[in-house]
Amino acid sequence: MKTIIYYYTGTGNSLWTARLFAKQIKNAKVFSMIDLKFEAELKKADAVGLVFPVHMWGVPNLALHFIKKLEKHTDKYYFAAAVNAGQVSRTLIQLKNAMQALELKLFAGFDIVLPSNYIPWGGPGPEDERQMLFKAAEDKIKKATSLLLKKETMPVDKGPLWQRIIFTALYKLTYNMIPKMDKDFWIDNKCNSCGTCEKICPVKNITLTAGKPVWHHRCEQCLACIQWCPQESIQLGEKTPQYERYHHPDIKIKEMLRL
Ligand SMILES: Cc1cc2nc3c(=O)[nH]c(=O)nc-3n(C[C@H](O)[C@H](O)[C@H](O)COP(=O)(O)O)c2cc1C
Ligand code: SF4
Ligand code: SF4
């Protein structure tokens with residue numbers, strides 16, 4: 001099976017997940033959803049994976065836009081992994097429906113739980129719990145791959161009913177507000193004008209003015225800027241100065257920079 005896996009990531013969890021799928025599948029190629037040079041590879045593939053984080057209990061805007069670039073009417077085997085911190089809610093059902101509207105079929109969708117990067121609600125949790133999540137995710141990806149290799153069709157993973165009802169309503173309420181949520185970022189006096197935030201933003205939402213970051217209100221809330229700032233100078237709201245930063249331990253900053 002010729003497989004191509006597209007990922008979108010803020011803090012590396014989805015890149016790590018995409019690579020693990022690729023390793024298990026063997027010979028699968030991994031590309032970023034923000035890399036537009038993918039069409040030739042896509043044509044050759046007979047299976048396509050989509051790996052992305054769950055944001056606000058749903059599919060992030062960037063991934064929703066990405067699927068519109070995929071070929072229509074294909075018989076390709078599409079699968080997805082929604083990488084999250086324990087509340088996948090209705091994300092994979094939403095993706096399946098959005099793909100169906102584009103005449104694409106999602107054959108399988110997996111809920112992969114990894115440490116949280118949503119820093120306004122606290123840090124990523126104790127180290128031993130993080131290690132348990134990595135191990136459980138690895139086991140799940142191995143099992144999922146054995147189904148993918150047989151091109152099985154199966155219902156996508158979903159959260160409990162209460163989650164799907166309450167959080168889907170919240171997703172709909174917050175979705176349009178996301179681009180402007182960057183107004184709550186601020187920097188403390190540790191910023192040394194290194195420019196990492198400008199280079200890491202997947203949507204070029206940050207520029208340095210007089211050596212300091214300015215956010216331009218087309219934010220995806222991936223939180224890469226706050227989580228990867230080498231000085232831990234970027235803050236979001238009042239509590240983040242006291243919270244631990246997080247990125248996946250196997251992903252290095254140079255793999256994340258887009259400029
Ligand atoms: C804006 C935002 C919203 C999030 N919403 C959810 C959510 O609804 N459910 C959940 O389980 N995790 C949520 N998370 C946590 C991430 O999905 C999770 O940490 C994921 O592994 C991050 O993947 P990445 O490192 O590839 O960006 C959210 C994270 C961010 C930044
Ligand atoms: S990454 Fe941090 S230290 Fe570097 S310019 Fe941005 S805010 Fe300043
Ligand atoms: S500004 Fe920060 S949170 Fe928003 S998209 Fe860019 S890196 Fe992600």
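This is a predicted model: local features need pLDDT of at least 70, side-chain atom pairs count only at pLDDT 80 or more; totals for chains, interfaces and linings use all residues.

Student: Okay, which residues touch the most other members of the largest nonpolar core?
Tutor: That core has 70 residues, and the ones touching the most other members are Ile5, Tyr6, Phe21, Met33, Leu50, Phe52 and Leu95. Apart from that core lies another one of 13 residues, including Phe185 and Trp215.

Student: And what is Met33 in contact with?
Tutor: Leaving aside neighbours within four places in sequence, Met33 contacts Tyr6, Tyr7, Tyr8, Leu50, Val51, Phe52, Leu62, Ala63, Phe66 and Lys69.

Student: Switching to helices, at what angle do α1 and α5 cross?
Tutor: The axes of α1, residues 13-25, and α5, residues 127-149, cross at roughly 45 degrees and come within 9 Å. That angle makes α1 oblique to α5, and the crossing of the two is right-handed.

Student: Which residues meet there, then?
Tutor: From α1 they include Trp16, Leu20 and Phe21, and from α5 they include Phe134, Ile141 and Leu148. Taken together, the residues of this contact divide into 10 nonpolar, three polar and two charged.

Student: New topic: is Asp75 buried or exposed?
Tutor: Asp75, which sits in the loop between α3 and β4, has a relative accessible area of 76%, and because the cut-off for exposed is over 50%, Asp75 counts as exposed.

Student: How far is Asp75 from Thr207?
Tutor: Their C-alpha atoms are separated by 42 Å, and the two residues are 132 residues apart along the chain.

Technical notes: Residues are numbered from 1 along each chain as its sequence is written. Chains are lettered from A and ligands numbered from 1 in the order in which they are written. Side-chain values use heavy atoms; hydrogens and water are left out. A nonpolar core is a set of buried Ala, Val, Leu, Ile, Met, Phe, Trp, Tyr and Cys residues joined through side-chain atoms within 4.5 Å. Buried means under 20% relative accessible area, exposed over 50%, partly exposed in between (1.4 Å probe, protein chains only). Contact means heavy atoms within 4.5 Å. Axes are lines fitted to C-alpha atoms, for helices over the stretch in contact, and angles run from 0 to 180 degrees between N-to-C directions. Helices (H or I, at least four residues) and strands (E, at least two) are DSSP runs, numbered from the N terminus. Angles under 35 degrees count as roughly parallel, over 145 as roughly antiparallel, 65 to 115 as roughly perpendicular and the rest as oblique. A crossing is left-handed if the near helix is turned anticlockwise from the far one by less than a right angle, and right-handed if clockwise. Ala, Val, Leu, Ile, Met, Phe, Trp, Tyr, Cys and Pro count as nonpolar, Asp, Glu, Lys and Arg as charged, and the others, Gly among them, as polar.
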